[in-house]
There are 2 protein chains.
Amino acid sequence: MADQRPVGIFDSGVGGLTVVKEFVRLLPQENVVYFGDTARVPYGPKSQETVIRFSIENILLLLRHRVKLIIIACNTASSVALSTVGENFRIPVLGVIQPGAQAAAAATRNRRIGVIGTRTTVKSRAYEEAIRRIAPGASVFSASCPLFVPLVEEGWLDTPVTVQIAADYLQPLRAEQIDTLVLGCTHYPLLKPVLQRVLGAEVVLVDSAQQVSLQAQAILEQECLLNDRAHPGQLQFFVSDEPDNFAAVGRQFLGFELGKVEKAGYV
Amino acid sequence: MADQRPVGIFDSGVGGLTVVKEFVRLLPQENVVYFGDTARVPYGPKSQETVIRFSIENILLLLRHRVKLIIIACNTASSVALSTVGENFRIPVLGVIQPGAQAAAAATRNRRIGVIGTRTTVKSRAYEEAIRRIAPGASVFSASCPLFVPLVEEGWLDTPVTVQIAADYLQPLRAEQIDTLVLGCTHYPLLKPVLQRVLGAEVVLVDSAQQVSLQAQAILEQECLLNDRAHPGQLQFFVSDEPDNFAAVGRQFLGFELGKVEKAGYV
């Protein structure tokens with residue numbers, strides 16, 4: 001098997017590179033086309049209708065690169081767009097909600113699970129419904145954390161202000177004695193040290209990036225779409241705003257240099 | 001004189017309603033068409049090229065409503081787009097930078113002026129250059145405050161976290177002993193109580209909304225474009241994301257109910 005078509009991954013911005021990082025670690029031989037919609041970022045505070053429209057446009061853009069599978073790395077887009085648009089395409093389209101929900105259901109011991117995300121993700125109740133389908137007896141407690149994305153983008157990953165805001169946002173979840181917390185936004189893994197400190201070491205933090213990569217691997221195997229060439233795949237990065245900033249910030253999320261970033265999109 | 005064509009005002013989102021508020025107070029008989037680009041908000045972290053492109057699209061959208069004058073209420077768009085695009089249109093296009101700079105130059109006693117804004121506004125040096133043209137001997141000190149917009153949108157107008165962040169951002173400006181601070185973003189007037197407390201009562205806060213309205217009035221008079229009908233003008237509101245949220249948040253900025261908000265735009 002040597003299906004050399006790339007896998008497409010999109011996000012509202014830079015955060016989805018955490019998914020690229022895990023995907024490439026798992027399947028280094030695959031070619032990847034990444035699109036970050038940096039001209040219209042963030043999606044979190046925007047309406048379902050608008051996020052669905054943007055998601056369809058992003059999928060069409062990736063399809064022009066003849067991708068064989070698409071991962072919606074953005075939690076907001078996954079939570080509102082996947083059920084509406086995912087079935088319409090001939091290639092598999094995966095989101096991060098289902099894999100995150102599975103990991104959370106597997107990790108919890110007291111069946112009390114917290115979910116944090118953007119306002120639109122939390123409002124969609126997508127994680128709650130996915131977790132309850134897998135673990136019907138589980139209690140799910142959600143909190144939207146709109147300031148986390150700007151804090152990460154400002155680089156305030158572990159300042160006193162960040163700790164204070166995290167303590168405020170997480171207080172209701174701590175009161176519910178959750179033992180597992182789903183990081184329902186691609187930016188949040190960068191706040192892991194602070195979140196762990198605020199919640200205590202016994203709370204398991206679930207990050208969807210690894211889970212969705214495992215799901216993608218399983219589907220590529222099942223459908224005979226793997227690229228089993230021995231040499232490493234090519235990574236291509238596209239953004240809708242100017243590429244300069246993206247390369248610099250992207251390094252933090254990806255863990256290595258991105259190389260060339262090109263401009264693309266309809267906006 | 002009774003030029004009943006509306007005045008067009010645009011912003012990246014809801015913040016420009018502070019300009020509508022001042023404009024309507026000054027010229028209640030004028031018709032106004034407002035456009036908030038809520039599907040692509042914020043402009044502050046985005047590149048000059050992208051903000052210029054969005055601004056041109058917003059101007060074209062307002063021109064379809066046969067406006068007689070346009071106010072760019074967004075500081076970021078004013079700072080990077082006005083000099084590039086303002087001259088291209090047959091109707092006057094005003095930005096908030098020049099009026100804000102004039103007010104700051106008039107207010108300062110020690111000729112040490114601070115400017116706060118988004119990263120793109122500060123990077124453009126538009127306020128610095130405008131102030132130095134008016135008051136060549138003045139010293140201008142700038143600071144970008146990327147967390148202020150999300151704090152305002154979160155409604156955290158006066159929390160301990162807001163005070164702490166304001167203290168951090170303003171510390172370098174306080175050290176320079178500024179006696180005047182330009183609020184170079186339409187969201188910032190909502191933080192006035194905190195900013196005044198952090199800086200001390202003797203520092204003058206300059207808000208461009210009133211200044212740009214006075215400039216618009218002068219131009220409408222000069223060019224015989226005023227609508228001097230006795231009855232109050234009509235206000236029309238358009239946004240590029242779904243209108244529901246906008247009406248609720250907009251009330252805070254405008255000070256009264258918006259009435260109907262419609263969807264518009266090319267995105």
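Me: Which residue of chain A does B:Glu154 form a salt bridge with?
Reply: B:Glu154 pairs with A:Arg119, and their closest N and O atoms are 2.4 Å apart. A salt bridge here is a side-chain nitrogen of Lys or Arg within 4 Å of a carboxyl oxygen of Asp or Glu.

Me: What should I know about the model and the numbering?
Reply: The model is predicted, so local features need pLDDT of at least 70 and side-chain atom pairs count only at pLDDT 80 or more, while totals for chains, interfaces and linings use all residues. Residues are numbered from 1 along each chain as its sequence is written, chains are lettered from A in the order in which they are written, and side-chain values use heavy atoms, without hydrogens and water.

Me: OK. How many salt bridges are there between chain B and chain A?
Reply: The count is two.

Me: And which element of chain B gives the most to the side that touches chain A?
Reply: That's α8(B), with five residues. Helices are DSSP runs of H or I, at least four residues, and strands are runs of E, at least two, numbered from the N terminus.

Me: How much area is buried between the two chains?
Reply: About 2300 Å², with carbon and sulfur atoms giving 56%. That's the accessible area (1.4 Å probe) the two parts lose on being put together, summed over both.

Me: Switching to the sheet in chain A: what's the strand order?
Reply: β4-β3-β1-β2-β9-β10, an open sheet of six strands with parallel pairing. Two strands pair if DSSP finds at least two bridges between them.

Me: Which ones are the edge strands?
Reply: β4 (93-95) and β10 (261-263) of chain A, each pairing on one side only.
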